2 protein chains.
Amino acid sequence: MTELLWGRQQQRSRGPKPAITLTEIAEAGIRIADIEGLDAVSMQRVADDLPVTKMALYRHVPGKTELVAVMSDLAIGPPPEHPAQPWRQALKTWAFDLYAAFAKHPWLLQSTIGRRLLGPNELTWMDRGIRALTDSGLSGGEQFDSILVLTSHVRNIAQQTITTGLTEEHINRALADILTTEAARFPSLTAALTTAGGSENQGLEFGLDRILDGLEALINARKDCASAG
Amino acid sequence: MTELLWGRQQQRSRGPKPAITLTEIAEAGIRIADIEGLDAVSMQRVADDLPVTKMALYRHVPGKTELVAVMSDLAIGPPPEHPAQPWRQALKTWAFDLYAAFAKHPWLLQSTIGRRLLGPNELTWMDRGIRALTDSGLSGGEQFDSILVLTSHVRNIAQQTITTGLTEEHINRALADILTTEAARFPSLTAALTTAGGSENQGLEFGLDRILDGLEALINARKDCASAG
DNA sequence: CAGTACTGTGTCCGGCGGACACAATTAACG
DNA sequence: CGTTAATTGTGTCCGCCGGACACAGTACTG
């Protein structure tokens with residue numbers, strides 16, 4: 001598993017030349033997931049696209065879990081390069097870049113959840129985020145937790161905005177129906193949504209600014225403390 | 001679907017008395033998911049526990065998707081009651097309550113992701129969260145987005161801390177191995193993790209405080225603006 | 001040239017969600 | 001009170017899934 005994600009490929013000696021490579025398999029999977037969603041990615045489906053037999057894939061990848069892991073790290077890719085910026089601006093562009101990556105491959109929201117083995121690209125994203133906070137005066141754990149908060153926010157907004165399925169309208173209509181018939185049970189929610197006036201869709205930036213405000217407050221407090229001591 | 005989640009049950013007329021109810025089915029599913037995880041919940045497995053035939057379930061629920069939805073709303077339950085508090089403290093206890101709910105039924109982290117039809121309990125959670133911000137001076141959309149940010153943070157921390165599988169140790173060891181052999185590729189991340197000193201596990205409160213700090217700053221800014229105008 | 005390691009193929013399995021026809025039950029109606 | 005019709009749970013069947021395993025062809029090594 002680690003070997004796969006980190007590209008440790010032992011050189012081949014005897015035997016027929018492989019007709020396909022791990023990268024080609026992953027790319028085929030990505031292609032399918034991009035168009036038809038992650039659920040459409042089955043061993044059979046990937047094999048048909050190459051085209052080889054389904055069991056041929058198992059010569060290059062131990063199972064579907066590992067295939068999805070390789071697909072994910074390959075699809076998310078490395079974070080884009082940017083000129084050096086102050087930490088706040090750096091984190092903001094970092095967050096928008098991450099959102100863009102999720103927008104490009106919506107199925108990454110499904111495949112990169114929970115405790116799992118991380119690939120090099122995903123780790124690079126984390127490293128790049130933490131780098132922005134290196135000179136902030138926060139402790140290592142605080143830097144880590146800060147990036148975690150930002151990541152979860154970006155993920156959540158992406159999940160809310162990026163409409164994977166076509167049930168979008170149906171869900172919204174159902175919610176509207178419920179909120180009109182059962183408004184009495186959810187007074188605060190109803191009030192908030194009626195004054196909200198529909199889809200402002202600025203959730204990403206709003207939450208981002210709040211989190212960054214909170215971080216800035218902590219960083220400033222630490223700086224004051226350091227200069228005073 | 002809406003009828004199921006919202007308990008609209010039409011009264012029965014002719015025919016044999018139902019041997020099982022929707023609630024019993026959902027409870028059986030919850031029981032299985034709590035012990036063996038959400039993946040162990042199959043129609044066959046749920047039916048065996050009741051015990052009835054698998055196809056009997058389809059008389060009460062249209063499909064597995066709907067069953068999981070009913071299970072989820074039933075398992076998360078209504079948010080606990082608390083005496084009135086200032087908004088910040090209210091949101092903090094609300095967040096901890098939500099975390100506790102996820103800790104009680106870890107599979108809720110899997111089953112309640114993405115755009116979906118919300119049940120009454122889940123909506124009550126949202127309503128209760130927004131209620132804390134009703135008199136904050138924030139707009140309805142801002143109140144909504146604030147709760148969204150808090151929810152995503154709690155979810156993310158729960159996913160990080162609550163160990164569903166037994167691969168925990170294996171993953172950590174693999175990550176440690178990689179960070180030692182490939183430390184040069186991830187300098188900032190390595191530095192942050194080495195100074196962090198392992199599992200402080202205060203991620204929930206840290207992020208919570210930062211987000212609440214950010215919200216407080218916005219609320220205060222609005223108040224100043226209002227009093228000045 | 002012989003041996004051997006490696007690749008892709010074909011077949012098979014258990015389990016999954018779900019469609020459909022059927023038998024059994026029970027309330028409503030003449 | 002008997003008949004009818006609606007509703008319940010059962011059994012069988014299907015296609016798809018991930019994966020195990022034996023087998024045949026290929027290409028390098030001695």
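Start by selecting B:Pro51, which lies in the loop between α3 and α4 of chain B. Helices here are DSSP runs (H or I, at least four residues), strands are E runs of at least two, and both are numbered from the N terminus. The peptide bond from B:Leu50 to B:Pro51 is cis, with omega near -10 degrees. Most peptide bonds are trans.

Before moving on, please note that this is a predicted model, in which local features need pLDDT of at least 70 and side-chain atom pairs count only at pLDDT 80 or more, while totals for chains, interfaces and linings use all residues. Residues are numbered from 1 along each chain as its sequence is written, chains are lettered from A and ligands numbered from 1 in the order in which they are written, and side-chain values use heavy atoms, leaving out hydrogens and water.

Now go to chain A and select A:Pro51, found in the loop between α3 (43-49) and α4 of that chain. The peptide bond that joins A:Leu50 to A:Pro51 is cis, with omega near -5 degrees.

Next, colour residues 27-69 of chain A. UniProt, in an unreviewed entry, places the feature "domain: HTH tetR-type" there; such annotations may be inferred rather than shown by experiment, and their positions are given in the numbering used here, with feature names shortened. Over residues 27-69 of chain A, the chain is 53% helix and 0% strand, and the end C-alpha atoms are 12 Å apart.

Stay in chain A and show helix α2 (residues 22-36) with helix α4 (residues 64-76). How do they pack? Their axes are 9 Å apart, at an angle of about 80 degrees. Axes are lines fitted to C-alpha atoms, for helices over the stretch in contact, and angles run from 0 to 180 degrees between N-to-C directions. α2(A) and α4(A) are therefore roughly perpendicular to each other (65 to 115 degrees; under 35 is roughly parallel, over 145 roughly antiparallel, the rest oblique). Residues of α2(A) including A:Leu22, A:Ile25 and A:Ile30 meet residues of α4(A) including A:Leu67, A:Val70 and A:Leu74, where contact means heavy atoms within 4.5 Å.

Turn to DNA strand C. Which residues come nearest? Of the 27 residues around DNA strand C, they are A:Ala19, A:Thr53, A:Met55, A:Arg59 and B:Lys54; a residue is near a strand if one of its heavy atoms lies within 4 Å of it. Zoom in on A:Thr53, where a polar side-chain atom lies 2.5 Å from a phosphate oxygen of DNA strand C. Then find B:Tyr58: a polar side-chain atom there is 3.4 Å from a phosphate oxygen of DNA strand C.

Finish at DNA strand D. A polar backbone atom of B:Ala19 is 2.6 Å from a phosphate oxygen of DNA strand D, and a polar side-chain atom of B:Thr53 lies 2.6 Å from a phosphate oxygen of DNA strand D. Of the atoms of DNA strand D within 4 Å of the protein, 56% belong to sugar or phosphate and the rest to bases.

How values were computed: A polar contact is a pair of N or O atoms within 3.5 Å; within protein, one must be able to donate a hydrogen and the other to accept it, and residues adjacent in sequence count only if both atoms are side-chain atoms.
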